[in-house]
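Biologist: Could you walk me through this protein slowly, as I am new to reading structures? I would like to begin with what the words mean.

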Amino acid sequence: MNTISQNNRVLSGMRPTGLLHLGHYHGVLKNWIELQHSYECFYFVADWHALTTHYEDPSIIADSTRDMVIDWLAAGVNPGTATLFIQSRIPEHAELHLLLSMITPLGWLERVPSFKDQQEKIKDKDLSTFGFLGYPLLQSADILMYKAGFVPVGDDQVAHVELTREVARRFNHFYGREPDFENKVSAAINKMGKKNARLYRDARKRYQEQGDSEALSIGHALLESQQHISLSDRERLLGYLDGEGRIILPEPQAMLTVSSKMPGVDGQKMSKSYNNTIALREDPDSITQKIKTMPTDPARVRRTDPGDPDKCPVWEFHEVYTDEATKKKLAEGCKTASIGCIDCKQYVIDSIIEELKPIQQGVNEYLGDLSGVDSIINEGCEAARDVAQDTIEEVRKLMGLTGRR
Ligand code: TRP
Ligand code: SF4
């Protein structure tokens, strides 16, 4: 079955739990910035998500929300192309979360791997809360609210997108069935004109009888190209292609970020919980200090002892920052003890400072114009709310709620 959205919308969120660091930049932000050239992007501050694990320290959330948006902007997220907003300012997310919770079996949530993993890993907080269990479903609501086609996430989040797909399928199964579905479909097909109607029926037949997925793509493309059909007819025809009913909430696809894993200054993955980060706002002296005190290959006790880059955490930074020719030279120098670790590290220090310079300039400019930042956020929230209100109206009606009048 393929009810995957064909649309061009990307949605992603980030939790406001402190200052952004190089791990966020290389792992997420660069990708966001790239995507905004080819997709309609919605990026948001997931403050409710942060509360599911940080309910005891709300000040972190309050302090980092606007700063996080500033860091996004300084890094190159473009508010002219992407819609930037704050989750809790669109309360429709909470309503959709509630409504979806009615049809979500408990077992689906209990089986999400992050649920047990995190509960076991994070011992200093009580995570046996209703909010924490429901957190992946809140994420589903975030995604389905905007009917996003694609969700850029790290591999720890793929299971959440998978859950979202299951919830969407269940929703469409319950509420996408109209009593006179077949008649409405026929009417909609006829509106496409003879030639397209024939192409559509052919594609559907080929897909349903032979499982020809190319035919399904042809069907989708055909619907995409129809300028004049109404949204609900489009949903019907999309749903009829694989015979389910109307597709109200399209199934999103996870977009796995292929990024270099950013090491921390201790050789583990860079993460706030390991206390090994370099913040985007880190000043040059502090960057220098952190890299200079990094551990290296333990075999290099003295300057004259040869080392092995493969056993050195600093080398992982070279993998991210240094060109092949220089890397070759440095590896040689390390193995023959012809360069010292201080010299080798200097390349990394220079690269990081160089990379962060324009970002830090941007941060300072935005910090000097907070009301400008707030307008960007306000406008983003308004645009997001427009979309969210349409979806929630549609969902309310389908679930028997008359909605506001
Ligand atoms: N759960 C994500 C995280 O912890 C953040 C998030 C919330 C998100 N809602 C989302 C990501 C929707 C993508 C789409 O990092
Ligand atoms: Fe690591 Fe470079 Fe020192 Fe070799 S020379 S141990 S790669 S820091």
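Modeller: Let us begin with the word contact, which here means that heavy atoms lie within 4.5 Å. With that in hand, and remembering that this is a predicted model, we can look at Q139, which, leaving aside its neighbours within four places in sequence, is in contact with H49, Q157 and H160.

Biologist: Where is Q139 found, and is Q139 buried or exposed?

Modeller: Q139 is found in helix α7. Its relative accessibility is 10%, and because buried means under 20% relative accessible area, Q139 counts as buried.

Biologist: Let me step back a bit. How many helices and strands are there in the protein?

Modeller: The protein has 17 helices and 5 strands. Its C-alpha atoms fill a box of roughly 85 × 45 × 40 Å, taken along the principal axes, and of the 405 residues in the protein, buried ones make up 50%.

Biologist: And what share of the contacts joins residues at least 24 apart?

Modeller: If we take the contacts between residues at least 6 apart in sequence, 77% of them join residues at least 24 apart.

Biologist: Which domains does the domain assignment give?

Modeller: The assignment gives domain 1 as 9-176 + 370-398, domain 2 as 181-242 and domain 3 as 282-367. Between domain 1 and domain 2, the C-alpha centres lie 32 Å apart.

Biologist: Back to helices, then. How do α4 and α7 cross?

Modeller: Two packed helices are described by the angle between their axes and the distance between the axes. For helix α4, residues 92-101, and α7, the axes come within 8 Å and cross at roughly 115 degrees. The crossing of α4 past α7 is right-handed.

Biologist: Which residues make that contact?

Modeller: On the α4 side they are E92, H93, L96, H97, L100 and S101, while α7 brings G134, L137, L138, A141, D142, L144 and M145. Sorted by class, the contact of α4 with α7 has 7 nonpolar, 4 polar and 2 charged residues.

Biologist: What about α2 and α3, at what angle do they pack?

Modeller: Helix α2, residues 47-54, and helix α3, residues 58-75, pack at an angle of about 155 degrees, and their axes are 9 Å apart. Because angles over 145 degrees count as roughly antiparallel, α2 is roughly antiparallel to α3. Their crossing is right-handed.

Biologist: Which residues meet there?

Modeller: D47, A50, L51 and H54 in α2 meet P58, I60 and I61 in α3. The residues of this contact of α2 with α3 divide into 5 nonpolar, 1 polar and 1 charged.

Biologist: New topic: which residues other than glycine have a positive phi?

Modeller: Among them are K147, with phi near 50 degrees, and N275, with phi near 60 degrees. K147 has its place in the loop between α7 (130-145) and β4 (150-153), whereas N275 is found in the loop between β5 (253-256) and α13 (284-292).

Biologist: Are K147 and N275 buried or exposed?

Modeller: K147 is buried, with a relative accessible area of 16%. N275, with a relative accessible area of 71%, is exposed, because the cut-off for exposed is over 50%.

Notes:
Residues numbered from 1 in each chain as written. Chains lettered and ligands numbered in written order. Predicted model: local features only at pLDDT ≥ 70, side-chain atom pairs only at ≥ 80, totals over all residues. Heavy atoms only, no water. Helix = DSSP H or I, 4+ residues; strand = E, 2+ residues; numbered from the N terminus. Buried < 20%, exposed > 50% of the residue type's maximum accessible area, 1.4 Å probe, protein only. Axes fitted to C-alpha atoms, helices over the stretch in contact; angles between N-to-C directions. Parallel < 35°, antiparallel > 145°, perpendicular 65-115°, else oblique. Left-handed = near helix turned anticlockwise from the far one by under 90°. Nonpolar A, V, L, I, M, F, W, Y, C, P; charged D, E, K, R; others polar. Domains from an automatic or database assignment.
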